Amino acid sequence: MNVQVRKRPEAAASVAAKPAIADCDIHPSRATRTELYPFLAKRWHEHLETYERNPYQGMMDGPPYPKAQPNASRRDAFPPEGGPQGSSLSFMQKQHLDPNNVVLGVLNPLNTGQGIRNHDLAAAICSAINDWQIEKWTSKDFRLRGSIVVANEDGQRRYWPIYEAAEAAGLPVGVHAFGFGGNPITASGWPSYYIEEMVGHSQCQQTALASLVLEGVLERFPKLKMIMIEAGFGWAPSLAWRLDKVWQRLKSEVPHVKRPPSEYIRDQIYWTTQPMEDPERRQDLLDVIDWIGWDKLLFATDYPHWDFDDPSRVLPAGISDANRDAFYLANARKVYGLS
């Protein structure tokens, strides 16, 4: 499914009439295969030309389902100058940042060095991605902020120095849905259908969040802020309730988890909204938000992907001005430490 954008009456409204928003999940793309080469040592140019990337499994360089093509993105997001969706700053400004009055846009690059078998190459590509974000994006538009990309592999405590550094610097750590590290993204193996992969957004994040809590990361680093990106949030209360119930019976196994898991989740976890749940009864959604806290949600569109959430349509009428402002902008400024 690809979004076919039609002209709507509200599109004619001036940007000044729209509320300023933060978009906490924008995916920038590289215009060409070699766009990172200026940020890589020459040895890696030759390595990539000779050996390519060699990920742990073959889905790293392209979605496995036709519905995810091209690039899981909107058909109307191809830049006029050519290149894949999300690869043109000027077109992103024209199509998304300006008309939606995005005053803070957080970049989450995809197709990075994560999941590559050669760990030195993985680290080099992640470093190049970080430099590329500055050169092509954040230095050219003051509204954009880059995410520091870190090479990730299997393991738990090997990541703790990253959490420690993030806590010391006052930086949140974002965990984006999916991640092709060589293992199936569902407990029943590789999905047979694209719909399973889409539903898997929440499944993979639930296991990641449970691991963060039960491994003791949030207890060890009480000032650390974690952001769960692109997995929705409607599942948060039920996961927290289940964790609390099981923890009451088995907490002797994890003495390092000193509080009910739900307390860590409510204190230290933030959530980007896309893909936002859309229940038949909108009050059900508002009840979930009340449990999570209006101060813990960061609005996101997932631009330029086809399941883009339009900022003008995600919240029902009747939300207080304070909650609406927090949802669209204030929470993001606070968690990212931006005035």
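A residue counts as buried under 20% relative accessible area, exposed over 50%, and partly exposed in between, using a 1.4 Å probe and protein chains only. What you have here is a predicted model, where local features need pLDDT of at least 70, side-chain atom pairs count only at pLDDT 80 or more, and totals for chains, interfaces and linings use all residues. Residues are numbered from 1 along each chain as its sequence is written, and side-chain values use heavy atoms, with hydrogens and water left out. Helices (H or I, at least four residues) and strands (E, at least two) are DSSP runs, numbered from the N terminus.

**Cis peptide bonds**

- Gln274 and Pro275 are joined by a cis peptide bond, with omega at about 0 degrees.
- To find Pro275, look in the loop between strand E6 (269–272) and helix H9 (282–292).
- Tyr303 and Pro304 are also linked by a cis peptide bond, and omega there is about 5 degrees.
- Pro304 sits in the loop that runs between strand E7 (297–298) and helix H10 (321–335).

- Glu52 isn't a glycine, yet its phi is positive, near 60 degrees.
- You'll spot Glu52 in the loop between helix H1 (42–51) and helix H2 (89–97).
- With a relative accessible area of 56%, Glu52 is exposed.
- Asp302 is another residue other than glycine with a positive phi, this one near 70 degrees.
- The loop between E7 and H10 holds Asp302, and Pro304 is in that loop too.
- Asp302 is buried, because its relative accessible area is 0%.
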